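Keep in mind that the model is predicted.

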Amino acid sequence: MTTESSPRLGLDYVMAAQAQKHVTVNETFRRLDALVQASANSRSVDIEPVSPSEGDAYILGENLVGNNWALMQPNSLAVFRDSEWAEIMPSTGWRVWLEDSEELLVFDGSDWKSYTALISVIQQLARLGVGTQADEANPFAAKLNTALWTALGVAEGGTGDLRCTLNKESGANILSLLFQSDYEGRAEIGLIGDNNLLLKLSSDGVSWVDVLRASPDRVDVGATEGLWLERLNGDALSARRNLLINGDFSIGQRGQQFLSPVAGEYFLDRWKFVSDGGMSCEFSRENFSTGQTDISGNPRHFLEWRLTGLATGNPWIEQRIEGVDRLAEGPATLSLFANATRSVSMVVRVRRHFGSGGSPTDVVFQQTLSLSTGWQRYSVAAAIPALSGKTLGQGHRISVEFYLLGGETDVDIRLADIQLEAGNLATQFERRSMSENLRLCQRYFVKTCPVDDLVAGAGIAGRLTTSTSGPAQSAVFDWRLPVEMCATPAIEVYSPASGASGMVDASGTDIAASVISASVNGVAIQSAAHGTLTLAHVHITADAEL
């Protein structure tokens, strides 16, 4: 034996022919009592306790105070035994349970480290099994019933967010989640062989069907029975999504060019010229070039609003929607395409008018759009308040308004595919057929001549004809309206021969006519008496715009 103590715990050996061997043995027992299953009261006490108890132990720090502690080294273990303090210097790897903080400490050769902190960072594990055996094919495996991932909160030093990132080497590789039942695949979702999102389903774990594939510009549904939806954007699937009529400006029964419009009158169907704001305004329905790619869905027309001069007020157009209850409580979105000949700000606003005797008008939403020279799609989302507590009066309606601010100068504004719909998503414009769009417009304005003809010069196309017999007879015309109008219309009559207002054509002679009756369903016209009247013709317009 070449040393007098053990190399790890420093336990004194009993030497040959040693006297009083019990002293050495008892000292060894004391040291073992302190170090085996070692436990210390604290490591944050620097002042030597006045009345320690037998077996108390402390890990010492810096700036020690006390007759005994002041002579001891930092990081040593001070143990009170046999009514006196003993110092034990630790070696690398010694472990002590710290009672006050309830943690296990490990001495690394220079300092005591929290074992919890040491095991909180685990690097380069080859395998990990939680409740089961991990293997080469599944280096991470877990067998459990519930699992939780939660975000590190701001108060804890985090951001409050939680994002799980999965990465694959290249587009041709697979990144997916595979869902199994009794270890047979039933569903898989991910980037499978490319960078598009794919959902695959299987009924037997062998044959798979690509049910849904999504790329940045389209979504394909490959289910053999198609896509079944109960509602779309908050509305029943059979309902029209767009609350606006003629949002694509395809119907122009009053004409397609309005070079001297009068504020307060309508131009293209359903669109009202509210105010010129002190500027000179013109409107025209223009055509998109065939094959254009600025706007999807192959629109045919757009509105061009030409403004010259200086705006002293608000140049303003709008569409009025019959009934405030058409826009239900919840999210709604207004979308449109627009551009201008220069950068200009245009305000879009939606208001609810509660009619005569109803609640005061309220603003549902309002936003200023910054138009540029290129076509761009804009969308404005808002939460529609409930109607509870509101009083609905006669003629309640919604107005969708577009106006410029005072101080604007010469600019041309172009608008296309305007849509107001329920939901917080601006869906693709709902493009209706010409006949459907016309029918919807005819609830508010209708005429006898073809849709694109001006009634004052329409000629024979669509005219009403009646015959009489005998001298001094009057011609009577009964016109059954193609749709029920929203209110009793204002009636205008025109001679097909001359285009003169207030006249019917009596075989080439204009004679005066008057309205006998008008209702939401039909109109009756009677001409003045005419001695040679045999055949008479007339064009009629019925206007019930809001």
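Start with Asp111 and Arg43, whose side chains meet in a salt bridge with an N to O distance of 3.7 Å. Asp111 sits in the loop between β6 (103-107) and β7 (112-114), and Arg43 in the loop between β1 (39-40) and β2, so the contact ties together parts that are 68 residues apart in sequence. Asp111 is partly exposed at 30% relative accessible area, and Arg43 is partly exposed too, at 31%.

That pair is one of 24 salt bridges in the structure. Another joins Arg254 to Asp543, with 3.9 Å between the closest N and O atoms. Here the partners are 289 residues apart: Arg254 is in the loop between β16 (235-236) and β17 (257-258), while Asp543 belongs to strand β35 (residues 535-543). Arg254 counts as buried, because its relative accessibility of 18% falls under the 20% cut-off; Asp543, at 29%, is partly exposed.

Now look at Arg351 and Glu401, which form a salt bridge at 2.8 Å, N to O. Arg351 is in strand β23 (residues 344-353) and Glu401 in strand β26 (residues 397-403), 50 residues apart. Glu401 is buried, with 0% relative accessibility.

Finally, the sheet. Five bridges connect β3 (residues 77-81) to β4, and Arg81 has Glu84 in β4 as its bridge partner.

Technical notes:
Residues are numbered from 1 along each chain as its sequence is written. This is a predicted model: local features need pLDDT of at least 70, side-chain atom pairs count only at pLDDT 80 or more; totals for chains, interfaces and linings use all residues. Side-chain values use heavy atoms; hydrogens and water are left out. Two strands pair if DSSP finds at least two bridges between them. Helices (H or I, at least four residues) and strands (E, at least two) are DSSP runs, numbered from the N terminus. A salt bridge is a side-chain nitrogen of Lys or Arg within 4 Å of a carboxyl oxygen of Asp or Glu. Buried means under 20% relative accessible area, exposed over 50%, partly exposed in between (1.4 Å probe, protein chains only).
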